[in-house]
Amino acid sequence: MSNNQYQTSRRSLLRSAGAGFGYFALAGLLGAAEKTGPKPLEPKQPHFAPKAKRIIFLYMEGAVSSVDTFEYKPELQKNGGKSGPGGGTLTASKFQFKQYGNTGSWFSELLPNIATHADELCWLRGLHTDTPAHPQAVVQLHTGSANAALTRPSMGAWLLYGLGTENQDLPGYVTINPPPNFGGAVNYGSAFLPAHYQGTRISDQGFMPNLQAASSKVLQREQLDLIQVMNRDLAAKPDAPDPVEGVIESYELGFRMQGKVPELLDISKEPQSVLDAYGVKPGPKGSFARQCVMARRLSEAGVRFVEICQPGWDHHTNLHNGLIDRCSLIDQPAAAPTGRPGTTRADG
């Protein structure tokens with residue numbers, strides 16, 4: 001007997017369970033939502049009034065060495081070179097530290113620009129993990145589960161699902177330069193949530209694959225209308241796969257994005273003063289700065305969640321020079337003003 005005989009969809013379960021009353025109620029709710037309810041990506045009212053409007057997540061792949069950047073350890077500095085309690089030699093940071101702002105937060109000489117925002121930062125020092133290996137830790141950071149096979153929704157997908165997004169012509173969740181390994185697309189996927197909640201991937205050059213169509217907009221619309229008629233016919237069938245509704249929304253969003261996204265990702269239109277403030281330069285050395293400018297432009301346009309990535313923090317060798325190099329790439333862009341020229345750093 002085939003295993004397929006035991007598989008069932010949520011629609012089938014609701015139709016058969018409780019004499020079909022669950023399915024009857026669901027059909028009524030879905031019908032009402034289609035006629036009068038909001039679209040799935042429209043902004044939703046949260047339970048509590050939020051202070052933040054959107055998120056830009058700066059992801060340092062491999063993890064920054066905290067004891068060399070912002071976690072000053074006076075006893076470690078004093079006892080550097082001595083034997084440790086559990087054996088081995090204690091290694092003090094080679095970088096100078098000092099305190100900044102009214103909070104007296106410690107920063108090393110590696111992050112002089114970020115240090116100027118000491119009083120605007122919130123330090124969460126109670127984090128821990130039971131996953132020391134990088135591949136599993138990356139997936140756990142993004143999805144809450146160290147097992148990529150469980151395919152949990154990513155952090156950005158959950159936020160988009162719960163809060164919606166402000167601009168219906170743009171994706172609500174964008175990931176720039178995501179790592180191709182360590183879980184890959186799982187880190188910005190939607191898992192069991194509908195497809196339109198997953199992250200939209202672009203490169204650090206602002207390239208989004210398959211965005212420019214080969215045919216005219218009028219012809220595209222006609223083709224898309226035909227496809228959507230077939231999709232909606234399929235979605236109306238009792239045994240239709242659950243992701244169909246997400247596919248329908250994703251197609252429509254992709255069509256709307258064609259006229260908006262290329263302009264947003266073209267940072268050449270920024271004033272030179274802004275590009276200089278972020279430290280934008282050509283080539284790999286300017287990757288993080290370009291991402292920061294694009295992230296700010298996307299956020300200003302109403303994108304709810306933007307993640308940017310700077311790889312190369314897993315320093316198994318050449319720790320001293322590696323830290324100097326990596327920090328020099330992110331310190332100025334991360335500390336640059338988030339508003340338009342003449343404004344200060346935005347709240348939230």
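1. The model is predicted. In it, helices α11 and α12 are roughly parallel to each other, because the angle between them falls under 35 degrees. That angle is about 20°, and the two axes lie 8 Å apart. Helix α11 covers residues 287-300 and helix α12 covers residues 319-335. Two packed helices are described by the angle between their axes and the distance between the axes.

2. The crossing of α11 and α12 is right-handed. Their contact consists of seven nonpolar residues, with no polar and no charged ones.

3. Which residues of α11 and α12 meet? From α11 come Phe288, Ala289 and Cys292, and from α12 come Leu329, Ile330, Pro333 and Ala334.

4. Cys292 in α11, part of this contact, counts as buried because its relative accessibility is 8%, under the 20% limit. Cys309 is also buried, with a relative accessible area of 2%.

5. A disulfide is a covalent bond between the sulfur atoms of two cysteines. The count of disulfides in this model is zero, with sulfur atoms required to be within 2.5 Å.

6. Thr175 belongs to strand β4, which spans residues 173-176. Is Thr175 buried or exposed? At 2% relative accessibility, Thr175 counts as buried.

7. What does Thr175 contact, apart from its neighbours within four places in sequence? The partners of Thr175 are Tyr188, Thr200, Arg201, Ile202 and Glu307.

Technical notes
Residues numbered from 1 in each chain as written. Predicted model: local features only at pLDDT ≥ 70, side-chain atom pairs only at ≥ 80, totals over all residues. Heavy atoms only, no water. Axes fitted to C-alpha atoms, helices over the stretch in contact; angles between N-to-C directions. Helix = DSSP H or I, 4+ residues; strand = E, 2+ residues; numbered from the N terminus. Parallel < 35°, antiparallel > 145°, perpendicular 65-115°, else oblique. Left-handed = near helix turned anticlockwise from the far one by under 90°. Contact = heavy atoms within 4.5 Å. Nonpolar A, V, L, I, M, F, W, Y, C, P; charged D, E, K, R; others polar. Buried < 20%, exposed > 50% of the residue type's maximum accessible area, 1.4 Å probe, protein only.
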